[in-house]
Amino acid sequence: MANRTPLVLYTNRNCPWAHRAHIVLAELGIPYEEHHIDYSVPRSPQYLQINPRGQVPTLVCGDQIIRESAIAAQFLADSVPSTHLTLRTGDIAGALMRARIAFFVETYFSKANKYYYPAIEATTDEEADSLGALFAAAVSSEIEPLLHDAAPFFGGSEKLTMAEVLTASFILRIFTLPTAENPPLPLTMILGLNSKAPRFYSWAQAVLTHPSVNGIYSLNGCAAEMQERRAKARGLL
């Protein structure tokens, strides 16, 4: 990697979308320069020139700019030849696994993760608990069957796949934020999953304890940010 074009990552480590890029960078050992984007203040004119939406992550590779978290994560995976995060083209097994991963990620976000932010922004604890229970039910019915051969990672892989890269930052938060002091997520999101969705639960434990996933994560920092988000939703700030 000595001759790689230098990479600059604009990020906020508390953002689960930006976290996706960090997972690939850590997993593949890609060198990069990091710039923190503070969400508590307006974006600078300089950053808005790089990303007019003001979002993170943004990757700058030479004179090219890569925006959107899934695109940035895939770009990083593709930028290193022949790794466990890339699947061969022109090969039916690789094509099938890419299709499985794409379906898993789409199903996770459309069926289960859609309750993540609403649970944080719920105006009452009862509403949050109800949304958490809906997440757990969706995991049991929609996600559990898709992990039938996880061992420990998606599709029987011994290493992270793009399925984990694209979902792990949320899995990590869903299993840890309910345990924080003054938790911004309800415990109902994970309560009983070890028995109701044992394959998902085992897979999630492997995901959230992986060093490429949790290496940059600060529970206290993320919890504080989400507590503020919840307080604003409840009219307390």
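**Close-up views of the domain contact and selected salt bridges**

**View 1**

View 2. The chain is divided into domain 1, residues 7-79, and domain 2, residues 92-234, and the C-alpha centres of domain 1 and domain 2 lie 22 Å apart. To the contact, domain 1 gives 18 residues and domain 2 gives 20 residues. About 1700 Å² is buried between domain 1 and domain 2, with carbon and sulfur atoms giving 60% of that area. On the side of domain 1, the residues that lose the most area to domain 2 are Asn14, His19 and Ile23, which together account for 36% of what that side buries.

View 3. An unreviewed UniProt entry carries the annotation "domain: GST N-terminal" for residues 5-84. In the predicted model, the end C-alpha atoms of residues 5-84 lie 22 Å apart, and the span is 36% helix and 21% strand.

**View 4. The salt bridge between Glu68 and Arg53.** The structure holds 7 salt bridges, and one of them joins Glu68 to Arg53, with the closest N and O atoms 2.6 Å apart. This pair links distant parts of the chain, 15 residues apart: Glu68 is in the loop between strand S4 (64-67) and helix H3 (69-78), whereas Arg53 is in the loop between helix H2 (45-50) and strand S3 (58-61). Glu68 is partly exposed, its relative accessible area being 33%, while Arg53 counts as exposed at 63% relative accessibility.

**View 5. The salt bridge between Arg229 and Glu121.** Arg229 pairs with Glu121 in a salt bridge whose closest N and O atoms are 2.6 Å apart. The pair links distant parts of the chain, since Arg229 is in helix H11 (residues 219-233) and Glu121 is in the loop between helix H5 (116-120) and helix H6 (125-143), 108 residues apart. Arg229 is partly exposed, with a relative accessible area of 33%, and Glu121 is likewise partly exposed, with a relative accessible area of 33%.

**View 6. The salt bridge between Glu228 and Lys232 in helix H11.** Side chains of opposite charge can pair when their charged atoms come close. In this view Glu228 forms a salt bridge with Lys232, the closest N and O atoms being 3.4 Å apart. Both residues, Glu228 and Lys232, belong to helix H11, where they are 4 residues apart, or about one turn of the helix. With a relative accessibility of 41%, Glu228 counts as partly exposed, whereas Lys232 counts as exposed at 51% relative accessibility.

Note on methods: Residues numbered from 1 in each chain as written. Predicted model: local features only at pLDDT ≥ 70, side-chain atom pairs only at ≥ 80, totals over all residues. Heavy atoms only, no water. UniProt positions renumbered as here; feature names shortened; annotations may be inferred. Helix = DSSP H or I, 4+ residues; strand = E, 2+ residues; numbered from the N terminus. Salt bridge = Lys/Arg side-chain N within 4 Å of Asp/Glu carboxyl O. Buried < 20%, exposed > 50% of the residue type's maximum accessible area, 1.4 Å probe, protein only. Domains from an automatic or database assignment. Contact = heavy atoms within 4.5 Å. Buried area = accessible area lost by both parts, 1.4 Å probe.
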